[in-house]
Amino acid sequence: MIQQERKCTIFEHTLEIVARESEIPAADILSHKRTDEIVDARYIFVYLLCRRGFYASAIADRMNFTRSSISYILANFDNRRHLGGAIFESILRNSLDGVVK
C-alpha cells in the first residue's frame with residue numbers, strides 16, 4: 001500500500017511540474033490530443049516517469065494509454081527532443097530540476 005501511495009505521489013508531482021513548466025493543463029497531457037505542444041509535454045512527462053523507475057506498463061495504466069504507445073514515446077524521445085529545439089530542452093531541464101528537488 002505504501003509503495004502504491006508513493007507511486008501515486010510521484011506520478012501526480014511529476015505531472016504537476018510538467019504542466020507548470022510547459023504551460024499545458026495536466027488534463028491535456030493525459031489526453032490523446034495531438035497538438036505539438038501537448039505531445040512534447042506528454043513525451044517529457046513519460047520520459048521523467050521512466051527515469052523515476054516506472055515501467056511502461058505502469059505508465060500506460062495510469063495514463064489510459066496502451067503499453068505500446070508508451071513504448072513508442074520512450075523509443076522516439078530523442079528524435080522528438082531533437083526536433084523540439086530550445087523550448088523542448090528548456091521545459092525538460094526545468095521539469096527535471098523540479099522532479100529531482
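**Figure 1. Phenylalanine 11 and phenylalanine 45.** Phenylalanine 11 and phenylalanine 45 are both buried (under 20% relative accessible area, with exposed meaning over 50% and partly exposed in between; 1.4 Å probe, protein chains only). This is a predicted model, in which local features need pLDDT of at least 70, side-chain atom pairs count only at pLDDT 80 or more, and totals for chains, interfaces and linings use all residues. Residues are numbered from 1 along each chain as its sequence is written, and side-chain values use heavy atoms, with hydrogens and water left out. The structure holds three aromatic pairs (rings of Phe, Tyr and Trp, the last by its six-membered ring, with centres within 6.5 Å; planes under 30 degrees apart count as stacked, over 60 as edge-to-face and the rest as tilted). The ring centres of phenylalanine 11 and phenylalanine 45 are 5.1 Å apart and the planes stand at 75°, so this pair is edge-to-face. Because phenylalanine 11 lies in helix 1 (residues 2-22) and phenylalanine 45 in helix 3 (residues 36-51), the pair ties together parts that are 34 residues apart in sequence. Helices are DSSP runs (H or I, at least four residues), numbered from the N terminus.

**Figure 2. Tyrosine 47 and phenylalanine 77.** The rings of tyrosine 47 and phenylalanine 77 form a stacked aromatic pair, 4.1 Å centre to centre with 5° between the planes. Tyrosine 47 is in helix 3 and phenylalanine 77 in helix 6 (residues 77-100), so the pair links distant parts of the chain, 30 residues apart. Both tyrosine 47 and phenylalanine 77 are buried. Ring pairs join Tyr47, Phe77 and Phe88 into a cluster.

**Figure 3. Arginines over aromatic rings.** The charged end of arginine 62 sits over the ring of phenylalanine 11, 5.9 Å from the ring centre. Arginine 80 lies over the face of tyrosine 43, at 5.6 Å from the ring centre. The criterion is NZ of Lys or CZ of Arg within 6 Å of the ring centre and within 35 degrees of the ring normal.

**Figure 4. Cysteine 8 and cysteine 50.** A search of the whole structure finds zero disulfides (pairs of cysteine sulfur atoms within 2.5 Å). Cysteine 8 is in no disulfide, and the nearest cysteine sulfur, that of cysteine 50, is 19 Å away. Cysteine 8 counts as partly exposed at 36% relative accessibility. Cysteine 50 is also partly exposed, with a relative accessible area of 35%.

**Figure 5. Helix 4 and helix 5.** The axes of helix 4 (residues 56-63) and helix 5 (residues 67-75) come within 8 Å and cross at roughly 115°. Axes are lines fitted to C-alpha atoms, for helices over the stretch in contact, and angles run from 0 to 180 degrees between N-to-C directions. Contact (heavy atoms within 4.5 Å) is made by Ala56, Ser57, Ile59, Ala60 and Met63 of helix 4 and by Arg67, Ile70, Ser71 and Leu74 of helix 5.

**Figure 6. Surroundings of phenylalanine 65.** Phenylalanine 65 is placed in the loop between helix 4 and helix 5 and counts as buried at 13% relative accessibility. Leaving aside neighbours within four places in sequence, phenylalanine 65 is in contact with Leu30, Ser31, His32, Arg42, Ala60 and Ile70. The C-alpha atoms of phenylalanine 65 and leucine 30 are separated by 8.8 Å, with the two residues 35 residues apart along the chain.

Terms used: Helices (H or I, at least four residues) and strands (E, at least two) are DSSP runs, numbered from the N terminus.
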